[in-house]
Amino acid sequence: MLPELGNFAIILALFFAIVQIAGPFVRVSGLQYTAVFSQFFFLAFAMLCLIFCFINNDVTVLFVRDHSHELLPLIYRIGASWGGHEGSLLLWCLILSGWTAFFLIFSLMKKNIPNELLTKIIMVLGYVSTGFILFLFSTSNPFKRDFPTEPISGNDLTPILQDPGLIFHPPMLYLGYVGFAIAFAFAVAVLLEGRLEKNWAHACRPWVIMPWSFLSCGIVLGSWWAYRELGWGGWWFWDPVENASLLPWLAATGLLHSLIVCEKREAFKGWTLMLAIITFALCFLGTFLVRSGVIVSVHAFANDPDRGVYLLGFMAIVIGSALVCYLLRIKHFYQPPKFQLFSRETFLLLNSVVLISAVATIVIGTLYPIVLEALNLEKISVGEPYFNTVFVPIMLPALFFMGLAPHVSWGQQTVITLWKKMRWTLFFSLLITALFPIVTGFEFHVLTSLGIFLGIWIIFATLQLFFQMKNKSILPVSAMMIAHIGIAILVLGMTLNKSYSVERQVKMLPGESVNLAGYQFTLNNIHEMNGPNYQSIAALFNVQNNRGKEFSVTSEQRIYLSHNQAMSKAGILVNMWRDLYLALGTSFSDGAWSVRIYYKPFVRWIWCGGFMLLLGGFLSLITFLQKKGERHEAI
Amino acid sequence: MRLFKLIRVGLPMMIFLGVMLLLWRGLTLHPAQIPSPLINKPAPQYRLPNLLNKKMMTERDLIGHVTLLNVWASWCEACAEEQSTLVAISQNKNFQIIGLDYKDNLADAKKWLQQYGNPYEVIAVDQTGNSAIDWGVYGTPETFVIDKKGIIRYKYIGPISMEVWEDTLRPVIEKLS
């Protein structure tokens, strides 16, 4: 019964999505708005049906059979409803219609978008939503049923997904990914109108900032998950699917900043519209890469050629038509630049240039294997060495400008005044960088010092902004300051972690000790444990630091019953300055175990920086809500 | 000047079309199937016991027959899937099917053969997995086609279905025999 209801709800949602497109053509008052809310209601209903199918472990539903099991704990059963292609696509559609509904309520309340434009934005969103719901219904229906003749049990969720990460990471990531549809719809609607309302950039900004914060947080959560689950303490792998989430993030960061120029200076209009289209196109590209099987990745879903063809065709229509609009209408938005070479505008333009170059290098690296294969040359995979070599040098100047740009005035600025303003900040950043290896005893490396300098420079320059503010309200800039400091902390964490991590692989008998990075690790005992759907061999370690303080930590080797697959569950000791990471390997016949021990300094700073980005996003939303809605005027 | 403007405005469209074409082409490719460097090379040397009678077997057993060498294990789910196809095609006497039992428990392997059927002429047991490394095996099931001179001519990755047999493997074997 529930699966049929869910299926029916999807059909109704599809119907309402089509009504949403028809909105501007059928002049029935309130019809389009009703369609938006009904669509959201029915998709939410379908999602609930799917979740209940999982809770009841209804194995007649194929998607449930493939991803659930009677022994799977409840919380993972709920998570499993988006743990595979079909369910995650339903979540995707639900989030898209959720954003649309939220955007509509918000805009109707603030009255900051003229009705004509609002109707067009909702229309474009309907167009995207229809395509995705149709995709869901026709190629990836999560409610497809099959009645087995004899009782069977489900295939269970892949062990690697049985982690709290599954509960938060995909919804958070999708909130980001999908949310950019609004900015895209905004850009296309503006192009269709052929003229810009004066405050459109202001009205559009929260719809870039919110998804951007969610995406930042989603990416960081994914990295945290990989760090804990994959058992070797890495936090970024340049996997094609990680790249797929990083690409829209980079483009959206550019969009975020160029919108500011649009709002404050009425410049960069065409470029901003283009960036909104690029950002969403990259979200699309990511979805296509993950779900079509054109690339090999640890994340890729089981693939089906129809899905790839559909998604590609749909992407061609949506992004292609947006680009056609852009081609035809862009001449209306052209304005000669009104700023001097050395000004805040130039720095924000540089920001865009750098970020788009970074996007281009990652796209090239990710698609290069397909290019070679398409030309029948050879099969290769592009990995970390390429990305580290090209991505890092591009981002370094951007980080330096990040500290500088907020101090540069709009319009024009002289180099001398800027130098006078910033020289002490520069001096102290360099001083601390120089002192760092001496005080902490860490080895000196040029690149590491560069990373440390950039991090400290951004923090100091941003704090300087705070101290130089005279009787202005702090809230509007605080979001920017927190986000920028978040990036600085991220950079510091990544640099220090990359440079000073230490690891050792050892063979240990119970009772034996090993020293690493000033800690003594003792394997206390090995015992067996039983989980709800796994059995595990757990090793209890005692760790003593050089001041004699003791901690204990358990590292497990789990065997999941339904998959007969071993998973290493690392034991991690956490504090602000370092993680100690112990992964249990294989056993030897003499009772010894191979153990990998990692000392990972500053790894928490990476997650911490990521959450600051989320916080910055929320603060900026609060600022936006506090401002009185400015009435719109056409120019 | 007009041309410059056209290029500037049209550039995003051109890049987009290029990427779309590339992805379209990409859909027809199979990136997960990595070609074996052993194609057209002699089969690697091995010396492995037979699962059923403990007799030693070597690569010289391959000479004189067209061989389908199938790498499998009792713990491999996809192997159980292809077994019915293998049993069906083993009726064909133009070629021999040799099994390579990969990192397996011998008792489990024998039980598994009773359950799913035994299409193999002989089964070599590679308990350490060292021989599989020589063959460049990175997962089960994998199937090699070896000609009468003991030279590897084809490698198929993944379970063999009846369609795979008809469309892919059968033409290769017929050409060799």
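1. Strands pair here if DSSP finds at least two bridges between them. Helices (H or I, at least four residues) and strands (E, at least two) are DSSP runs, numbered from the N terminus. Within this pair, B:Thr143 stands opposite B:Tyr156 of strand 7 of chain B. Packed on the sheet is helix 5 (residues 162–176) of chain B, which touches strand 6 and strand 7 of chain B and makes about 170 degrees in direction with strand 7 of chain B. Angles run from 0 to 180 degrees between N-to-C directions, with axes as lines fitted to C-alpha atoms, for helices over the stretch in contact. Residues are in contact if their C-beta atoms, placed from the backbone, lie within 7 Å.

2. Before going on, a word on what you are looking at. This is a predicted model, in which local features need pLDDT of at least 70 and side-chain atom pairs count only at pLDDT 80 or more, while totals for chains, interfaces and linings use all residues. Residues are numbered from 1 along each chain as its sequence is written, and chains are lettered from A and ligands numbered from 1 in the order in which they are written.

3. Now the whole sheet. In chain B, five strands form an open sheet with mixed pairing and the order 5-4-3-6-7. Strand 5 (122–126) and strand 7 (152–157) of chain B are at the edges with a single partner strand each, so one side of each has no neighbour in the sheet. On average, neighbouring strands of this sheet are turned by 20 degrees against each other, direction ignored.

4. Strand 3 of chain B deserves a look. Six of the six residues of strand 3 (residues 67–72) of chain B are buried, so the rest of the structure largely encloses this strand. A residue is buried if 20 or more other C-beta atoms lie within 10 Å of its own, exposed if 12 or fewer, and partly exposed in between, with C-beta atoms placed from the backbone. On one side are B:Thr67, B:Leu69 and B:Val71, and on the other B:Leu68, B:Asn70 and B:Trp72.

5. The partners of strand 3 of chain B come next. Strand 4 (residues 96–102) of chain B runs parallel to strand 3 of chain B, with six bridges between them, and B:Leu69 has B:Ile98 of strand 4 opposite. The β-α-β crossover from strand 3 through helix 2 (residues 77–89) to strand 4 of chain B is right-handed, meaning that, with the strands pointing away from the viewer, the path from the first strand over the helix to the second runs clockwise. Strand 6 of chain B is antiparallel to strand 3 of chain B and joined by five bridges; there B:Leu69 has B:Phe144 as its bridge partner.

6. B:Asp126 counts as buried because 22 C-beta neighbours lie inside 10 Å. Leaving aside neighbours within four places in sequence, its contacts include B:Leu48, B:Leu100 and B:Tyr102.

7. Finally, confidence. Chain B has a mean pLDDT (the predictor's confidence in each residue, from 0 to 100) of 83, and chain A averages 86. Over residues 629–635 of chain A the pLDDT is below 50. Where pLDDT is low, the predicted coordinates should not be read in detail. For the complex, the predictor gives an ipTM of 0.79 and a pTM of 0.82.

Technical notes
Two residues are in contact if their C-beta atoms, placed from the backbone, lie within 7 Å.
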